[in-house]
Structure formats: C-alpha cells, structure tokens
Amino acid sequence: MKKERTKGFISGVVVSVLIFSLVGTAVATVGKRTAELDYNDIKLYINGQFVTPTDANGNAVEPFAINGTTYLPVRAVGNALNMNVHWDASTNTVILDEKKTWDGTSWVTTPTATPTPVSTPVPTPVPTASPAPVATPAPTPTTPSAVRNGYSAAPWIPDFGKVNGITPSYFTDETSIFATYITDSFDMVETYIDVLESAGMTYDDAATTAFKEGAIVSSPTVYSYNGSAAYMVVIGVGSAPGEVVIFAPIG
C-alpha cells in the first residue's frame, strides 16, 4: 500500500516540520517539542459501531500514537457520544457537555441515537467458470520514454512543480537535478507519486534504504524505472516547514 511505502517520508515530515506546531499537554506545560507520530490504521469503535473521525469541516482525521499513547480527535469522539464540543481560546480549554433540547418546560439531555443494525446479505452461489486464457504480456522496455512535463535534463522524470502548479525555491541540473519546493500541503507528494507511477516508475525499497544511510536528503522515498539507478528520483524532506526536496542523479 502507498501509505506503508511513504511511512518513512511522513515520519520525517513529523520530525522536521511538526516541531514548529506540537504543544505538550501531559503536565500542563506550554511550549514546543519534537515527536514522531505512529499511524497504524487505528480504528475508533464507539457504542457498538465504527466511527470515522472528522474535523469541523467534515474531513477525515486519522488517529495516531506517540510513545505508545493513542491520540483521538476530540470532536469525533464528542459527536459519537452525542456531546457538544467547544474550544475556549482564552483558557486553551476543550469543553465537552451534553446536548440539550427544550421539551416545552425545561432543558433535557438529548438521547443518543441507537444505530440501526445492518443485515448481512447471504451471497448467492456463482457457478465456477472456466478461466479465460492468459495473454502473454508485452516485454517491458529497458529505457523509459519522455513524459509530459518532465525535467529538461531528465525527461523521464515528471516535474514536481509542474505537476502541482508551483515553482521551485531552488533548482539546478548541472550534474544532478536538485530542486526544493515550499508546499501548502504534503498531499502534493501523494499527487506526485501517482504521476510517477502512471509514468511507469515504481517504489524502490533497496534504493530508499541506501539513500537513508547516505543521508543525501532527509527521510528519502525513492522511485525508479525497472530498479535502474540511472533512472530514479528521490523525494525528501527539506529543513524549512513544508519544504519538499526532489533529487535525481543524471551524470
């Protein structure tokens, strides 16, 4: 799965970027600290049903763990428990209270709705059909073709900036392509990976491990064409918040 392949990259984002925004609360301290978030497909099961956590705008928010402690979105938990969720900015306080309705004489607690059980349909047996003949796959080309919006010095590598509609803050292609971009969202990396895969490039685990040991860029994720070192691109984390580094050896 793509999420597993990019876990190292996302962890690097947390270490390199979230140091600027994470506030510690274990002992009511106010400040900043570095933390590594562990996303492990944590599910939320409340009152007999699975709940998909969302933020105030309805966007999905995935739970995570830090040092063995699981953190859940308080709004999703409050909504699932039929509670109002408020934020008091003056005291930095999250407030949860029971939802109330007016029955004509007084305010009463709104009862939590009981989910309707969903019946599981019994599958209809399907007769086993004879397998269709398997076509012989066409041979894989040994060298990549130029792609739309590729880098001029490496036309087989899609240009990260052109894919996402942004310009690099630094770029050189003298002996290798080295470009940095300031992104509004690391979703741009996911979009870029989709384009790499559509161009025939695949995740290269061995090269990713080698670049991690070489420390050319922080938290590298490597894609290559048929595992060839001559046709690869490295996606890394820059030193500035939201910075993505694209590196590709071309010499």
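User: Why does V74 count as partly exposed?
Analyst: V74 has a relative accessibility of 35%. Buried means under 20% relative accessible area, exposed means over 50%, and partly exposed is what lies in between (1.4 Å probe, protein chains only). V74 therefore counts as partly exposed. This is a predicted model, in which local features need pLDDT of at least 70 and side-chain atom pairs count only at pLDDT 80 or more, while totals for chains, interfaces and linings use all residues. Residues are numbered from 1 along each chain as its sequence is written, and side-chain values use heavy atoms, with hydrogens and water left out.

User: What makes V74, W87, V94 and L96 a nonpolar patch?
Analyst: A patch takes residues with over 30% relative accessible area and no salt bridge; nonpolar side chains (Val, Leu, Ile, Met, Phe, Trp, Tyr) are joined within 5 Å, like charges within 9 Å. The four residues form such a nonpolar patch on the surface, with about 350 Å² of accessible area together. That area comes from the Shrake-Rupley method with a 1.4 Å probe, where for residues only the protein chains shown count as cover. Of these residues, V74 is found in helix α3 (residues 74-80); helices are DSSP runs (H or I, at least four residues) and strands are runs of E (at least two), numbered from the N terminus.

User: How do you know where the confidence in the chain is lowest?
Analyst: From pLDDT, the predictor's confidence in each residue, from 0 to 100. Helix α2 (residues 7-17) has the lowest mean, 45, whereas strand β11 (residues 202-203) has the highest, 94. Over residues 10-26 the pLDDT is below 50, and this stretch has 37 contacts in the model beyond near neighbours in sequence. A contact means heavy atoms within 4.5 Å. The chain as a whole averages 77, and 76% of the residues score at least 70.

User: Why is T208 called buried?
Analyst: Its relative accessible area is 2%, so T208 is buried. T208 lies in helix α6 (residues 205-214). Outside the four places on either side in sequence, T208 is in contact with Y203, P220, T221 and V222.

User: Why is A199 classed as it is?
Analyst: A199 stands at 25% relative accessibility, so it counts as partly exposed. A199 lies in the loop between α5 and β11, and touches V147, P158 and Y225 when residues up to four places away in sequence are not counted.

Key. A salt bridge is a side-chain nitrogen of Lys or Arg within 4 Å of a carboxyl oxygen of Asp or Glu.
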